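Take a look at the sequence and the structure below.

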Amino acid sequence: MAKYNFHEKLDRYNTSSVKWEMTKQVFGEEEILPMWVADMDFQPPKEVTDALKNRVEHGIYGYTFTPPSATEAVQSWLKKRHDWEVDSSSVIYSPGVVPSIGIAVNALTEPGDKVLMQSPVYPPFFNMVKNNDRVVVNSPLLLKNNRFEIDFADFEEKLKEGVKLFILCNPHNPGGRVWTEEELRKMADLCIKYDCLILSDEIHSDLIYSPNVHVPMVKLDKKYEDYIVTCIAPSKTFNIAGLQASAVIVPNEKLRVAFQKVQGKQGFHALNTFGVIGLEAAYRHGEEWLEELLVYLTENVELSIKFIEEQIPNLSVMRPDGTYLLWIDCRKSGLSDAEIKEALLKKGKIGLEPGPKYGQGGEGFVRMNIACARDVLMDGLERLKKAFD
Ligand SMILES: Cc1ncc(COP(=O)(O)O)c(C=O)c1O
């Protein structure tokens, strides 16, 4: 018997929800179904809300620190879910993965340095590099049989140009690829060969569909510890992005000191009170909820793929190994990106992420977030069909 009800449609208006209440600013439209920003329309595990309520009841919100119990919760989650032993001294806290990318770029590279990534990819990767006056080097992913693959020859060529940092997205947003152990080893070994550090963004690592298995890159070889900084967070997993709490795992002391030095320059010293409470409660008590969520999301993925395959012949969807994001190929429709946008907004009345935002290889694609109640998903799929009719 399922304990959690993911079917319930919850009203998110009047909560300052970016996804639901910023459609006018982002799409120029109010009356659209939002299936864009990567958060879910589900409440987190009850224990998270209970822990937050308990803290609110206390009523004093002075300066707080992140207690060792929070780090223990992070360590035991990583061990249990990813068979990854992390020393408590390796754990650094940060309000978010995007801030951590900015910090890592500052800590591990110099202005003008080259930073490698693999488009199409989560757009802030580009922004954090450019905004910090570093240079983006791109090794585009290959699209083979409707699946992303790494072009290792190109990857190595790019590393030869003197890249200082590689930002990996594992699992991959927007494609949902969970990179295999072999692929991860190959990327890491090439980076080491050319003395390039790695930031592995593993924010989606708990959202994996069986039989795929997420492999934290750094755990594959002891020597990788001197090169890899890994970002993790409970935010995607448990839908608590608004609490702004994440962790960076940095086993190498030199890299850790460099990272913390930049945090110090920015005056950062602690997560906010509620972020710490949410992070600890989620990692400590959220596993059963997550297992049920994954069953629900698997069904959402299967339904969406079936619907699109059977009813929208102009589209083809990439099957995700993980993440609640669908990368949808609209190129058969013959529409330009501007026309796709227009069709989605005006005909379909649906807000999706436009592919070109994700860089080279994103043209002609859109990204759809399917982490919502089944009724909402079906409504969204009907709207998608209407847009491409
Ligand atoms: C790959 C990836 N990294 C980072 C983030 C955002 O992280 P944060 O909210 O912790 O800054 C997202 C959100 O969609 C993401 O997909």
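## Around the ligand

A residue counts as near a molecule or strand if one of its heavy atoms lies within 4 Å of it. By that rule, the residues around the ligand are Ala38, Gly96, Val97, Val98, Pro99, Tyr122, Cys169, Asn173, Asp201, Ile203, His204 and Lys236. Seven of these shell residues are nonpolar, three are polar and two are charged. Here Ala, Val, Leu, Ile, Met, Phe, Trp, Tyr, Cys and Pro count as nonpolar, Asp, Glu, Lys and Arg as charged, and the others, Gly among them, as polar. Helix α5 (residues 97-108) gives the largest share of the shell, three residues. Helices (H or I, at least four residues) and strands (E, at least two) are DSSP runs, numbered from the N terminus.

## The model

The model is predicted: local features need pLDDT of at least 70, side-chain atom pairs count only at pLDDT 80 or more, and totals for chains, interfaces and linings use all residues. Residues are numbered from 1 along each chain as its sequence is written, and side-chain values use heavy atoms, with hydrogens and water left out.

## Polar atoms and cover

Which side chains place an N or O atom 2.7 Å from an oxygen atom of the ligand? Asn173 does. A polar side-chain atom of His204 also lies 2.7 Å from a ligand oxygen atom. Val97 uses its backbone: an N or O atom there lies 2.7 Å from an oxygen atom of the ligand. On its own, the ligand has 400 Å² of accessible area, and the protein covers 87% of it. Such areas come from the Shrake-Rupley method with a 1.4 Å probe; for residues, only the protein chains shown count as cover.

Strands of a sheet pair through backbone hydrogen bonds, either parallel or antiparallel. In this model, an open sheet of four strands has the order β11-β12-β15-β14, with antiparallel pairing. Its edge strands, β11 (316-317) and β14 (353-354), each pair on one side only. Two strands pair if DSSP finds at least two bridges between them. Two bridges join β11 to β12 (residues 325-329). Ser316 has Asp329 in β12 as its bridge partner.

## Backbone exceptions

Most residues other than glycine have a negative phi, and most peptide bonds are trans. Asn14 has a positive phi of about 65° and is not a glycine. Asn14 sits in the segment before α1 (18-21).

Two peptide bonds are cis. One joins Ser119 and Pro120, with omega about 0°. Pro120 is in the loop between β3 (114-117) and α6 (124-131). The other runs from Asn173 to Pro174, with omega near 20°. Pro174 lies in the loop between β7 (163-169) and α8 (181-193).

Methods
Polar contact = N/O pair within 3.5 Å; in protein donor to acceptor, adjacent residues only side chain to side chain.
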